[in-house]
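Hello,

Here is the structure I promised to pass on. Have a look at it first, and my notes follow below.

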Amino acid sequence: MALGAGPEDESEAEALAGGCAFEAFGESAETRALLGRLRTLRGDPAAHEGALERFRVIMDKYQEQPHLLDPHLEWMMNLLLDTVRDKTSPADLVHLAFKFLYIITKVRGYKTFLRLFPHEVADVLPVLDMFTDQNPKDHETWETRYMLLLWLSVTCLIPFDFSRLDGNLLTQPGQSQMSTMDRILQIAESYLLVSDKARDAAAVLVSKFVTRPDVREKKMACFLDWSLCTLAHSSFQTIEGVIAMDGTLQALAQIFKHGKREDCLPYAVTVLQGLDGCRLPNSNQTLLRKLGVKLMQRLGLTFLKPRVAQWRYQRGCRSLAANLQPSTVNPPTVTTQAESPDDAEDYDVPEEVETVIEQLLVGLKDKDTIVRWSAAKGIGRVAGRLPKELADDVVGSVLDCFSFQETDSAWHGGCLALAELGRRGLLLPSRLADVVAVILKALTYDEKRGACSVGANVRDAACYVCWAFARAYEPQELKPFVASISSALVIAALFDRSVNCRRAASAAFQENVGRQGTFPHGIDVLTSADYFAVGNRSNCFLVIRVIRELSAKALHNLTPQAPEYMASQVFPRLLSMTQSLDLHTRHGAVLACAEVALSLHRLAAQEGRLVTDFLDEKMVQGLREIHQQLHERQLYRGLGGELMRHAVCILIENLSLAQMPFKGDPIIEGWQCLINDTLRNLHLISGHSRQQVKEAAVSALAALCNEYYRTESGEAVPAVQKELMKQFLAMLQCSEEMTRCGFSLALGAFPGFLLKGHLQQVLCGLAAVTHISPEDVSFAEARRDALKAIARVCQTVGVSSEGAADQGLCQQNVAGVYDSLLACLRDYTTDSRGDVGAWVREAAMSSLLDLTLLLAREQPDLIEAAICKRVLCGLAQQASEKIDRFRAHAAHVFLALLHPEGPAIPHVPHRAELELLLPRSEVASVNWAAASQAFPRVTRLLALPTYRYHVLLGLVVSVGGLTESTVRYSTQSLFEFMEGIQSDPKALEDFSGALLQVFEDNLLNERVSVPLLKTLDQMLANGCFEVFTTEEDHPFCTKLLTLCKEEIKKSKDVQKLRASIAVFCGLVPFPGGVRKKVLLQLFLLLCHPFPMIRKTTAGQVYETLLTYGDTLDADALEEALTVLSNTAWDAELPLVREQRNRLCDLFHVPRPQLVPKTGAC
């Protein structure tokens, strides 16, 4: 355990470790009990479903380690089969037992589970008899039929002729019953045509039944005829045809796999002809094409004698340790076996094999991977039984797949086939030169299709070939190709776009290092570029070796390793590519030029030289012309223009940082125009790339100004300064939000010398952007970016307490800056995107932090007590609100001001109490985004008068919110605080006064008032103000009633009305005249125009009277409850009003009077 890790971290680590692997079947006892009580669940479908679901959950945990179940499979099967064999078990219980068996089979696999079924002679007929009760069309019990077919397939292996089970088949004269053999065959054939999983089990049954010696003689030919007829009469254009062909092909493939060659050979030609007639390669059903390929390879193996090719390449020693050690002894001699006269492979190969191989080669080019993979395995199996010359022809045919006229599917299938051939020793060393050449091409295969490209699967398969070769060949065989293979794998591992390909290349490289021992610097490369390191794209492109943007940065890191080569060889090529017709090439080349130029400058600066010492005049001129040429060709327009604007902005930034000798050059004006045009038209750029383009343009502007708009004395060029200020300040009032965003950030990026003398203009212009007006209320992003710009401007100009307002922060302008930032803490704008004002509040909090820390460091006297109080109270409110992310941000800012790293912030209200309530240790340890940790700490601030109002304002929004965890923990924390002040009348009065003040200040503010009503309902129901019930007409109750009446006056908001009903009901227990006023409000709501409100009111009044009936007259209470429960409150208003008036009379409340509507004069 790491030092300082807590128990939660330790338990989490243990849980993670435990979740990856189990040591044994831990639920054995529970499973035994569950299976043992199945009989007690008869007739209870809910109990059946619960037991089944629990068993499924237990079994699914062992999907990745099914072998742990092996010691327990037998007793589980016996328990379940006992239920099945019991004649008294009802049908639903039998089906349930088979469902349990199926779940076990699904996890462990039917092949392992199959041998555990009882398979005595006595089991055959009982299993057959069970089929008579099965309905193949019942989709609820398919597991039963699936397991019965598997069970029957095992019983078919009994070593006795089935005719012995039949006895005398003649039961009556002229009548006979069906033989056991016929019954089994009929069942198998019928279930091969069903649409559920029983079809797969039927194929297993057929393969074991038809290949029995006694059945083969009598039924094999008939079954194959039936199968071929079914295939001939089925069409893969219909669902029924697909199902029939699927089952039949599975059965045939299993027969030719498990049957003896001499038994199957007489029928192979007929089956091959029938399969050709099906034209399966034309089907759009992947599974049918796969089964066709699978059957085709089995037919091919049937035509060829089962022998191991004597000519195959065999590798001897496969010791990793021996490969990694220096070779000090004679290497082991291994062996390409030569043919002896006795082994001469001069037997005739049937003509049908050519058809098989041709179809398998077609399968290598299939559009689906599973078909190609099956075909590749078939090629390997069949080639292993061919003579050397014919097998070499097969290799040549596979190599034909690697033509650039072929599709990516053919390349992928070819790679899989080569890997299979190499793995089986069927790819002789004499062919390696041809094979390695195509594999090197496959490692870089990439084909563009429209806006994307294909080829990742080809590159991945090529890595698999390299991996397979490492295991198949001796080091001396691959030695001539080590340099090319190793470099290609390193490049793929480092720079392939696909993470799967990078990892595959790394794994192949690692396998070659271990198996071959000849890869140069193998261990060193693997140490840096292992399987996991290459998974991270940024790490892979930038760190391991010193997508286009990352490639450009990689060139930046590589430049110091060979600067002369980069300048003389690479850079000219990049410059020529900047004018390419291909957008992606052009984009990558511009980025690369920018990065290499900056890297050369930094290297030159370290040596006290200029960047022009590396780049000659022609290259500098080429850099100067990039923008102009792109502009003249109008390549900044359209979707491609977004990429080029982004790339050229990065080029401008890097060339400025590289101090290119362009001062006074007309190109600077062109660059400035591009930046201005980009910022002006941000709204035309697609949303997914807008932020990147904006940031690139702002960064480019900052670098451009620093390098080319400053005189030798460090002052701004006057004409440029005046023009920029005029343009940029004017654009802050643009009607396009994105334009405001861009120019606000641009002003924030201005260097200090440009701001000098214009600071007040800039601050006022940015402050104007932060103000909300009816025309730009939805411009939340503009306000956010203006706040960021204000903070950055303040950081740039610094503090000058005695200076002028245009020179730096001082007494005259600090208050105005704070006003702008604090006003934005109240931005709660919402639109279709949600609470967009949260972006503004977050930026305001960050800016307040930066500004306050800056002033505390340089001039703390400028932080007035009133300002500090407003800042911390605003942050306290934000730290108690409902959105986790922004609550956490507010808490971090609050704590950063309370516990700064530098000088203390002056005038912090209640500093001593705050340091006790929120100690420095909580700055890093508390997860403020977690409601369970945040609210118990935030509610501590309710005890401090300065913060109480603001914390309550945020807290009521959380307590009355919608998010379950936020509501739960905020409510719990609030109730704990209220419980602590119940014995302190003064604290309770202060709290209730602050709560009412929050209500009064936010009347008709839907964001606060509705959650506040919900909060009040919970507090009243929890007895938080029960102390006030001892006094008649307590001011709190009276004022709360008044505020509630004002809030719902003429309201049609159902949510608000329902919340107010709950509050009114919560005020009923308070004695005095306020109770009658509350009842009057409730009785008014009983005749509300909305039926829903009437019914809700009646229901809640009924509950209230039951709860607080002891405070009312008993006789009136009973009658009132009867009226409330028996009246249809959603009926017509005249009927409802009559019953409402009865209630008024019972409680001595004046009957409400209808107010006649005044007509127009």
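Let me begin with Glu 27, which counts as buried because its relative accessibility is 12%; buried means under 20% relative accessible area, exposed over 50% and partly exposed in between, with a 1.4 Å probe and protein chains only. Before going further, please note that this is a predicted model, where local features need pLDDT of at least 70, side-chain atom pairs count only at pLDDT 80 or more, and totals for chains, interfaces and linings use all residues. Residues are numbered from 1 along each chain as its sequence is written, and side-chain values use heavy atoms, with hydrogens and water left out.

Glu 27 forms a salt bridge with Lys 61, with the closest N and O atoms 2.4 Å apart (a salt bridge is a side-chain nitrogen of Lys or Arg within 4 Å of a carboxyl oxygen of Asp or Glu). Glu 27 sits in the loop between helix H1 (7-20) and helix H2 (28-36), and Lys 61 in the loop between helix H3 (45-60) and helix H4 (70-85), so the pair ties together parts 34 residues apart in sequence. Helices (H or I, at least four residues) and strands (E, at least two) are DSSP runs numbered from the N terminus. Lys 61 itself is partly exposed, at 39% relative accessible area.

A second pair is Asp 677 with Arg 645, whose closest N and O atoms are 2.7 Å apart. This pair links distant parts of the chain, with Asp 677 in helix H32 (residues 666-680) and Arg 645 in helix H31 (residues 638-657), 32 residues apart. Asp 677 is partly exposed at 26% relative accessibility, while Arg 645 counts as buried at 13%. Elsewhere, salt bridges that share partners join Lys 694, Glu 781, Arg 784, Asp 785, Asp 831 and Arg 833 into one network. The search of the whole structure finds 53 salt bridges.

Now for the overall picture. The protein has 55 helices and two strands, and 52% of its 1161 residues count as buried. Its radius of gyration is 41 Å, whereas a compact globule of 1161 residues would have one near 32 Å; the radius is taken over C-alpha atoms, and the globule rule is 2.2 Å times the number of residues to the power 0.38. The C-alpha trace spans about 110 × 100 × 70 Å along its principal axes.

Best wishes
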